[in-house]
Every structure is written in C-alpha cells, then in structure tokens.
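Trainee: I would like to learn how the words used for a structure follow from its values. Could we go through one together?
Mentor: Gladly; here it is.

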Amino acid sequence: TPLAGDAVHPVPVRFLLTFDDGPSGAAEDNPTASILDQLAANPIQPGVKALFFVQTRNPEGGAGAVGRELLRRTHAEDHVLGLHSGSARGHIKHVNFPPHELDQSLRDGAADLRALSGAPRLFLRPPNWAYNDAVLATYREHRFRMLLDDVRARDGKHWGFKWNPRLHSHIHSEMAAVAEQIRGGELPALDGAIPVIVTLHDLNTATAGNLREYMEALMEGARRSGLQVDAKPFFD
C-alpha cells in the first residue's frame, strides 16, 4: 500500500535481477546453484531470468570445474552472462590495472563469454564500480556496454556478517529514490513497464538462502513508494 499522500504512478515497474561476483566454485551448498534453482521455481514468479556478471577466470570460480559447469548451466537456462572480471587475479578494480593488463583481461573475458553464448555484444559491470574515461574507452574497444543499476541490496558488504538486518527499510529507501527518478521522467519505459535494475551477489550464502525475501522486499518497497508493480514483477 502506498504511503499516505503518494500518488500511484500509472506505469508499472519490473525488476531486472542482476548478480555479481560468481559463479561459486563450492562443491557443496553452492549459492550460485541455489539461486539458479530459485529463479526457475519460486512462489512469486517461476521462470525469472537474470543477468549474471561473472568472473570467468577466477581459479575459485569460473575457471574451476564447478564454476565452468555453472556458467554453462546459467546460459543453458536462458539467463544472460555479462563480465565482471576476465582476469585470473579475480575481483580487481579495472582502474588499478596497467592498460595492457586491462586490455588482455577484457579480451580473455570476451572470448570466454562468446564461447559460451555467441553474443556479439556483451554487458560489463566493473568490480567495485570503479572506472574512469580511459577504462570506458577500453570497454568500447572490446564492444562491451557497461551496465550499473538503480537499486543495490548491499548484500556484497558483509561487515562481519552476510545478512542486512535493515533489509526492508534499506530497500524501501532505494525504491523511494527510484520513484523520484520515475516521477522526474529519468527512467524510461520498455514494452509498457519501467525496468528497475537490482544488484545482488550470488557468492553470498545469505542472499541465496533468502532470495524470496529480497524479491518480496522489492515489491513491497515499490508499492510503499507509490509505484505499481507489473503483473509479472520480474523479467522472464
């Protein structure tokens, strides 16, 4: 229910779930696998499709046997694979790479993703969201399009624990800011709904164990902020 005095925006929102940092290389209780299971079958909207920004050459993830199989499974289940890191060094800020190393990591990452998906143009999200003009120019050279977000669940920052005890109030605050952007005409509609891009982290076991609560919090936050939610709240 919207807060008192909030007018309901006539164009509904839909959430595009994105996941950073994976895939997990865990042999048991793998959080990436759990998230894939829940996207396929959950009581809110079965068959949700997400965008996974992956580390293709991380020895503890995409470069290991478990990680490679999860990359193949993610693509086979019609999710979109984007690049987070194409370096064996893993989750390193791109602004900290020497130019030749950034160039090689993007070349390797692009080759890895195209071998999996065949996509001619690829999405990228920089580690720690750190980029500058030189980094952006290198992305363009390798035909990457950078995609950030509208809502951050902050589940990647653990502060000694993996669960945000203020999840619902935080999501409501994020959605209130999104509502202001929508009312200001800053976020465009696509096919009759306004996409809202959400960042989660599939290496976080608490996220994997509570994905339904995150999904419910997003819908609740939207409604409390005076936004309609599409009949299919999540992209499929």
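Trainee: Where is W129 found?
Mentor: In this predicted model, W129 sits in the loop between strand 4 (122-124) and helix 4 (133-141).

Trainee: What makes the phi of W129 worth a remark?
Mentor: Most residues other than glycine have a negative phi. W129 is not a glycine, and its phi is positive, near 60°. R154 also has a positive phi, of about 60°, although it is not a glycine.

Trainee: Where is R154 found, and why is R154 called partly exposed?
Mentor: R154 belongs to the loop between strand 6 (151-152) and helix 5 (167-183). Partly exposed lies between the buried limit, under 20%, and the exposed one, over 50%. R154 has 47% relative accessibility, so it counts as partly exposed.

Trainee: How do you know that the peptide bond from G22 to P23 is cis?
Mentor: Its omega is near 0°, while most peptide bonds are trans. P23 lies in the loop between strand 1 (9-20) and helix 1.

Trainee: Now the whole protein. How many helices and strands are there?
Mentor: The protein has seven helices and eight strands.

Trainee: What makes the protein as compact as a globular protein of that length?
Mentor: The globule rule gives 18 Å for 236 residues, and the radius of gyration of the protein is 18 Å, close to that value, so the protein is as compact as a globular protein of that length. Its C-alpha atoms fill a box of roughly 55 × 40 × 35 Å along the principal axes.

Trainee: How much of the protein is buried?
Mentor: Of the 236 residues, 48% are buried, with under 20% relative accessible area as the cut-off.

Trainee: And what share of the contacts join residues at least 24 apart?
Mentor: The share is 76%, taken among contacts between residues at least 6 apart in sequence.

How values were computed:
Residues are numbered from 1 along each chain as its sequence is written. This is a predicted model: local features need pLDDT of at least 70, side-chain atom pairs count only at pLDDT 80 or more; totals for chains, interfaces and linings use all residues. Side-chain values use heavy atoms; hydrogens and water are left out. Helices (H or I, at least four residues) and strands (E, at least two) are DSSP runs, numbered from the N terminus. The radius of gyration is taken over C-alpha atoms; the globule rule is 2.2 Å times the number of residues to the power 0.38. Buried means under 20% relative accessible area, exposed over 50%, partly exposed in between (1.4 Å probe, protein chains only). Contact means heavy atoms within 4.5 Å.
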